[in-house]
Amino acid sequence: MHDQPQTQSPPPGLAIQATGLTKSFGLTPALREVGFELPWGNTLALFGHNGAGKSTLLRTLATLVRPERGTLRIAGFDRATHPAQIRAAVGFVGHQPLLYDELTSTENLRFYAKLYHLPNPASRVREALAMAGAEGYAGQHVRTLSNGMQKRVAIARALLHRPAVLLLDEPETGLDAAGVIMLDAAVRAVRDGGASVVMTTHSTQRGLVLADQVLVLARGRVVLSSSSEEVTADGVQALLAGAA
Amino acid sequence: MSAYLSAALAVYLKDVRLEARSKETVGAVLIFALLVAFIFNFAFDATPDIVAIVGPGIVWVAYVFTGILGLNRTFVLERDRGTLDGLMLAPVGREAIYLGKLLSAISVMLVVEFLMVPVFLVLYDISLLDLRFALAALLATIGFAAVGTLFSAIAAHTRAREVLLPLLFLPVVLPVIMAAVAITALVLEGDGWSAATSWLQLVVAFDIVFLVVSSWAFEFVLEE
Amino acid sequence: MADRNQLFLGISGLLFLVNLYLIFFYAPTEQVMGNIQRLFYLHLPTVWVGFLAFFIVFVSSIAYLLKRDPVWDRRAYAAGEAGVVFLTVAIVTGAVWAKPVWGVWWIWDPKLTTTFILWVIYIGYMMVRAYAPSGERGARWAAVVGIVGFVDVPIVYYASELWRSLHPELVTGPFAETGGLEAAMRTTLYFSLFAFTLVFVYLFRERFAQQRDDDTLAELRRAAG
């Protein structure tokens, strides 16, 4: 069972508070005045076409990208002054598994456990691998693992430090049906522990089922921000089609 | 142990483990060092008199150019394989990553420098088995790594990394190269310690200044 | 802004003409070296301006990293570019002067070594901007190079001095012997310094304005796109 998130329980304020996030890469604007609020325990589904800014937004939330303008508070910490504390509170699963090929799954996670300065690293690693259903290949070199298996280990990596906010960028990619079930169970466990989740997905149906809130991006801008009950899958699709 | 040290050591030990397994970096760099040392033999007539004059230069040209190769690999691998994000997600200041990578760079260079000692002895009859040389080499290597770790983080993100790193690195560490060559010459001539003191002071000052400046500047380099 | 800079161009251009007159007609011919010595009045000021420009790069780089205001990056860029130009002229005029006077194009004395190293650092500074994946990262990386480079320069000078004390080979040329100059020569030198500094200021302001306009255009494109 997933424990309480690292922050105090229940934590005051909002999990994520973002206003006016703006970022360009050279001449290409990736985010334009993006803002939203995410209370604790909520899940946000992020929709948008390729290039709409979903990955950039997630990376910005993970402090991997620094916004040119705007404010960002996660778990009460201001990105401008306490980025390291934000990193302690978020778990990130991106397109890359962030694993070292020549190390085993366990060695990879032990490394991250030390990087995060976790107590009892050995048991934490076992626990995270179990949650991701990856204990079976704990001792195998990552190079030998399939994409789906690597994805599971990557998810274990993100859960290792029991983050208060989980950021998932198209997490189903590479996972088989069993993997998707594992993912949903893990997300649910994290949420039951009081944590919040932001995830992008190409499946509108899945997103709406899992999420409490919806955010739709088009060319870096927010075109829809509401609770998941107020929209339908068709509605979101139409919006995306119109924004194409 | 503080979070900062834990993270830095984690990065360093991870690099050590990876290197111990693949032996790629040390292997490639060592072969290159052997080639450089070997080629010098044909660059001039290696009589003992001439070797006495250019010996220190050969040693440090070999060490510096292999050092550049090794330095390039500290970040290029992480970036190309996408694992740099993993380091960037660490809940510590960027100085911790700098320290970890600094230790990795120093280790690779020291290993190669050490393994080359018998090579120089055999090829040129240059004996580097001297404690003073070891101290000078250690201090010089720290200086190279202090600047090189910072610049290799920059170069690794560009298209022209093989050219950019030496271009940025060599002019800045020139004082260290001068000091290393001068001290090596003094050691080979069998001179007293006192002659080397001012050079050693220079290297120590260089090391301190650039360890501080580089670790401060590092976060500005990695951020996206 | 544009008008003021045109004024600058006018003044510095005029002063430069006066400077040329002073150099070639007013200043007396040096006894030992002859007319080639006049290059000195062109050479030394360009060295001075080159170092001044790098100091501006250093200060602007620190300000940019701390405040992230693009104004500082533009200043650093303008100063860096002008600095490369001036130092190139300095090295070339120095070599042209050296060959007939010393018999060699170049010697590795502390001042020349430091000037050359500074020039290479400048080149690296501009290259980093050129090879960076985006303008903003290029600006940041260049700022880091500018700071590291500037801190390094005095260390390079000191190391070269130390090296020379171990290998005293050549007699230093009359590079820094401003004290040994006649009054007329000194006047010419200082005037030349002043004229070159004004030319630098003009180039700096022009480039800065160009950068600012480029950035404004990019901003407009981003907002529209």
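In the predicted model, B:Tyr98, B:Lys101, B:Leu102, B:Ala105, B:Ile106, B:Met109, B:Leu110 and B:Glu113 of H5(B) meet B:Ala137, B:Thr141, B:Ile142, B:Phe144, B:Ala145, B:Ala146, B:Gly148 and B:Thr149 of H6(B). Contact here means that C-beta atoms, placed from the backbone, lie within 7 Å. Helices (H or I, at least four residues) and strands (E, at least two) are DSSP runs, numbered from the N terminus. The residues of this helix contact divide into eleven nonpolar, three polar and two charged. Ala, Val, Leu, Ile, Met, Phe, Trp, Tyr, Cys and Pro count as nonpolar; Asp, Glu, Lys and Arg count as charged; the others, Gly among them, count as polar.

Residues are numbered from 1 along each chain as its sequence is written, while chains are lettered from A and ligands numbered from 1 in the order in which they are written. As the model is predicted, local features need pLDDT of at least 70 and side-chain atom pairs count only at pLDDT 80 or more, whereas totals for chains, interfaces and linings use all residues.

The axes of H5(B), residues 94-124, and H6(B) come within 9 Å and cross at roughly 135°. H5(B) is therefore oblique to H6(B). Axes are lines fitted to C-alpha atoms, for helices over the stretch in contact, and angles run from 0 to 180 degrees between N-to-C directions. Angles under 35 degrees count as roughly parallel, over 145 as roughly antiparallel, 65 to 115 as roughly perpendicular and the rest as oblique. The crossing of H5(B) and H6(B) is right-handed, that is, the near helix is turned clockwise from the far one by less than a right angle.

Chain B also meets chain C. The contact joins 25 residues of chain B to 26 residues of chain C. On the chain B side, H6 (131-155), H7 (161-189) and H8 (194-222) each supply at least two residues. H7(B) gives the largest share, ten residues. This side of chain B holds 21 nonpolar, three polar and one charged residue.

Within chain C, the axes of H2(C), residues 39-67, and H6(C) come within 9 Å and cross at roughly 45°. This makes H2(C) oblique to H6(C). The crossing is right-handed. Among the residues that meet are C:Trp48 and C:Val49 in H2(C) and C:Phe196 and C:Phe200 in H6(C). The contact residues divide into ten nonpolar, four polar and no charged.

The contact between chains C and A takes six residues from chain C and five from chain A. H6(C), residues 183-224, supplies the largest share of the chain C side, three residues. That side has one nonpolar, three polar and two charged residues.

In chain A, four strands form an open antiparallel sheet in the order S2-S1-S4-S5. Strands pair if DSSP finds at least two bridges between them. S2(A), 28-38, and S5(A), 77-78, stand at the edges with a single partner strand each, so one side of each lacks a neighbour in the sheet. S4(A), residues 69-74, pairs with S5(A) over two bridges. A:Arg73 stands opposite A:Asp78 in S5(A).

The predictor gives the complex an ipTM of 0.91 and a pTM of 0.90. Chain C averages a pLDDT (the predictor's confidence in each residue, from 0 to 100) of 85, with 91% of the residues at 70 or above. Residues 171-179 of chain C stay under 50. Where pLDDT is low, the predicted coordinates should not be read in detail.

Terms used
Contact = placed C-beta atoms within 7 Å.
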